[in-house]
Amino acid sequence: GQVITEVHEASVSDVDKAVAAAEKAFYGNWGKTSSSARGRLLQKLADLILKNADELARVEALDNGKTFAMAKRVDIMGTADTFAYFGGWATKNYGKTLDMDKNTFAYTRHEPIGVCG
């Protein structure tokens, strides 16, 4: 066989770089993009994965030793389904209004608060 890549364990510096990149996205263009536009982008990514499923499955089969059929059916299709699923949820981020008693209510609001690593 032929080595196609090497993978190394992440160092503290690697995690710090990943968190910095995520914060840049969170506080930058991605965070300023409307939820409906983010949903469309995630769906577009799912569509591109499906369009290139055979090529991605070949690489995935080489990477982890699965058969082409299993890599395509499980890994690639599952990845596309995941992006499509979360693309649909992008506009469904809302809270609830809760009646506490006859004169009081409370509400919940779901919102991102930052990045962790």
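Predicted model: local features only at pLDDT ≥ 70, side-chain atom pairs only at ≥ 80, totals over all residues.
The C-alpha trace spans about 70 × 35 × 25 Å along its principal axes, and the radius of gyration of the protein chain is 20 Å, whereas a compact globule of 117 residues would have a value near 13 Å. Of the 117 residues, 14% count as buried, and the accessible surface amounts to about 9500 Å², of which 57% belongs to carbon and sulfur atoms. Among contacts between residues at least 6 apart in sequence, 47% join residues at least 24 apart.

Helix H4 consists of twelve residues (residues 53-64), which at 1.5 Å a residue should span 16 Å, and the distance of 16 Å between its end C-alpha atoms agrees with this expectation. Within H4, Ala-53, Ala-57 and Ala-61 are buried; because they cover an arc of only 70° around the axis, they lie on the same side of H4. An α-helix has 3.6 residues a turn, so residues three or four places apart point the same way. The buried residues of H4 pack against helix H3 (35-51) and helix H5 (68-89), and just after H4, Gly-65 adopts a positive phi of about 80°.

Strand S1 (residues 97-101) pairs with strand S2 (residues 104-107) in the antiparallel sense over four bridges, and the two strands form a hairpin with two residues between them. Within this pairing, Thr-97 has Tyr-107 in S2 as its bridge partner.

Notes:
Residues numbered from 1 in each chain as written. Heavy atoms only, no water. Expected span 1.5 Å × (residues − 1). Buried < 20%, exposed > 50% of the residue type's maximum accessible area, 1.4 Å probe, protein only. Arc of directions from axis to C-beta. Contact = heavy atoms within 4.5 Å. Pairing = 2+ DSSP bridges. Rg over C-alpha atoms; globule rule 2.2 N^0.38 Å. Areas by Shrake-Rupley, 256 points an atom, 1.4 Å probe, with all protein chains shown as cover.
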